Amino acid sequence: MPSRNVEALQDIYDHWGRGDWAYLPPIYAADFEWGYSEEFPGIAGVWHDTRTPNPRIQSWLEPWEHWMCQAEDYLEQGNTVIVLARYRGRGKGSGLDVDVPGAHVWEMRDGTATRLEVFANRDEVLKQHGVPPQGGTPRDTSLYRETD
């Protein structure tokens, strides 16, 4: 059964997975901060911002015919929830389809979101948080031996 924090986030990803960027989640704290990593030129940084859609999302969405973000997994570490996400979109004019992994790091307080930071490099986020790549568990290979 999902935790209170994960349940609170699932509703957001239901909307974002349909490309609904006008949805204002009721779980944003009054002091909510939203940001993008340096991997997103022009919109990188973290700001106090509960507007939906906020100006950075609007500028990001401008060159896309459609853009969606789906949650693939939720990894909890205390009050931090790492969401392994999948970004999908189609460029306006170019028709280029994009399907890439990413990650979102949420800071939560009793089911309320206080901070979100969006990343393109999923493996780097997992490494920073001490989680094995793709959320798996490390394998103990000492029991295995090479065969001919």
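Predicted model: local features only at pLDDT ≥ 70, side-chain atom pairs only at ≥ 80, totals over all residues.

Colleague: How many helices and strands does the chain have?
Modeller: Three helices and six strands, counting DSSP runs numbered from the N terminus (helices H or I, at least four residues; strands E, at least two). Along the sequence the pattern reads α-β-β-α-β-β-β-β-α.

Colleague: And what share of the residues counts as buried?
Modeller: 39% of the 148 residues. Buried is under 20% relative accessible area, exposed is over 50%, and partly exposed is in between (1.4 Å probe, protein chains only).

Colleague: OK, salt bridges. How many are there?
Modeller: Nine, where a salt bridge is a side-chain nitrogen of Lys or Arg within 4 Å of a carboxyl oxygen of Asp or Glu. One of them pairs R115 with E33, with the closest N and O atoms 3.3 Å apart. R115 is in strand 6 and E33 in strand 1, so this pair ties together parts 82 residues apart in sequence.

Colleague: Are those two buried or partly exposed?
Modeller: R115 is partly exposed at 26%, and E33 is partly exposed too, at 31%.

Colleague: What does R86 pair with?
Modeller: R86 meets E72 in a salt bridge at 2.7 Å, N to O. R86 sits in strand 4 and E72 in strand 3, so the bridge ties together parts 14 residues apart in sequence. R86 is buried at 18% relative accessibility, while E72 is partly exposed at 41%.

Colleague: Which residues make up the salt-bridge network?
Modeller: E72, R86, R88, D99 and R122 are linked there.

Colleague: Switching topic: what does the side chain of T80 touch?
Modeller: The T80 side chain makes a polar contact with the side chain of E107 at 3.0 Å. A polar contact is a pair of N or O atoms within 3.5 Å; within protein, one must be able to donate a hydrogen and the other to accept it, and residues adjacent in sequence count only if both atoms are side-chain atoms. T80 belongs to strand 4 and is buried, at 11% relative accessibility.

Note on methods: Residues numbered from 1 in each chain as written. Heavy atoms only, no water.
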